[in-house]
Amino acid sequence: MVEMSCEEHDRLAASSQFITHTVGRVLGELDLESTPIDTKGYQSLLALKGNTEKDSFDLYYGLFMYNQNATDELNRLEEAFDDIKRQLFARLHQIVRDDLFSFDEVFNNENLGGFPPKELPAATPPPEKPTNPTPPPAAATTNGSAAAKKKDGGWA
């Protein structure tokens, strides 16, 4: 038995038991299964998932409901997950930027004329719209008359 205050106990319980149960339940939601190439780390995750799933949700809910530190731990877990995602995407964006801008080195070679070219070809203007558009095909009504009628110089 370890002697400590109730507050200290709750803080430690939230940072160990509650986080363990939360991560185990998240893993359970992922429907993870053993594979022929499991690593030791993955086997540990599966063991955590299995251990957590043996406990009732009521036990988990009790860890949440009756420990005021549990909400703080959920927030910390969410912030940590968001930080990891930001790190991944920041590196991905840097890799893409590096790939894009590595073309500068290739095209700045004088034998290729440089990049971007000193003179760009003139842009081709878009085709002009006809001034008298062709009316849409006539749609038959129950009496056989055309549904499209000329309105303000155009077709409606």
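Figure 1. Arginine 76 is exposed, with a relative accessible area of 53%. In this predicted model, the side chain of arginine 76 forms a salt bridge with glutamate 73, and the closest N and O atoms of the two residues are 3.3 Å apart. Glutamate 73 and arginine 76 are three residues apart in helix α4, which spans residues 69-107, and so about one helical turn separates them.

**Figure 2. Aspartate 82 and lysine 85 in helix α4.** The closest N and O atoms of aspartate 82 and lysine 85 are 3.9 Å apart, and the two residues form a salt bridge, for which the limit is 4 Å between a side-chain nitrogen of Lys or Arg and a carboxyl oxygen of Asp or Glu. Because aspartate 82 and lysine 85 are three residues apart in helix α4, they are separated by about one helical turn. Aspartate 82 counts as partly exposed at 26% relative accessibility, and lysine 85, at 36% relative accessibility, also counts as partly exposed.

**Figure 3. Aspartate 83 and arginine 86 in helix α4.** A salt bridge joins the side chains of aspartate 83 and arginine 86, with an N to O distance of 2.4 Å. These two residues of helix α4, aspartate 83 and arginine 86, are three residues apart, so that about one helical turn lies between them. Aspartate 83 is partly exposed, its relative accessible area being 36%. The count of salt bridges in the model comes to four, among them the pair of aspartate 83 and arginine 86.

**Figure 4. A negative surface patch that includes glutamate 33.** Glu29, Asp31, Glu33 and Glu53 form a negative surface patch. Of these residues, glutamate 33 is found in the loop between α1, which covers residues 6-29, and α2, which covers residues 40-54. Glutamate 33 has a relative accessibility of 53% and therefore counts as exposed, the limit for that class being over 50%.

Figure 5. Phenylalanine 18 and tyrosine 60 are both buried.

Figure 6. Tyrosine 61 and phenylalanine 64 form an aromatic pair that is tilted, with 6.4 Å from centre to centre and 45° between the planes. Both residues, tyrosine 61 and phenylalanine 64, lie in helix α3, where they are three residues apart, or about one turn of the helix. Tyrosine 61 counts as partly exposed at 41% relative accessibility, and phenylalanine 64 counts as partly exposed at 30%.

**Figure 7. The aromatic cluster as a whole.** One aromatic cluster is formed by Phe18, Phe57, Tyr60, Tyr61 and Phe64. Among its members are phenylalanine 18 and tyrosine 60, which are both buried, as well as tyrosine 61, which is partly exposed at 41% relative accessibility.

Notes
Residues are numbered from 1 along each chain as its sequence is written. This is a predicted model: local features need pLDDT of at least 70, side-chain atom pairs count only at pLDDT 80 or more; totals for chains, interfaces and linings use all residues. Side-chain values use heavy atoms; hydrogens and water are left out. Patches are made of residues with over 30% relative accessible area and no salt bridge: like charges are joined within 9 Å, nonpolar side chains (Val, Leu, Ile, Met, Phe, Trp, Tyr) within 5 Å. Accessible areas come from the Shrake-Rupley method with a 1.4 Å probe; for residues, only the protein chains shown count as cover. Lys and Arg count as positive and Asp and Glu as negative; His and the chain ends are not counted. The place of a charge is taken as NZ of Lys, CZ of Arg, CG of Asp or CD of Glu. Helices (H or I, at least four residues) and strands (E, at least two) are DSSP runs, numbered from the N terminus. Buried means under 20% relative accessible area, exposed over 50%, partly exposed in between (1.4 Å probe, protein chains only). Rings of Phe, Tyr and Trp (its six-membered ring) pair if their centres lie within 6.5 Å; planes under 30 degrees apart count as stacked, over 60 as edge-to-face and the rest as tilted.
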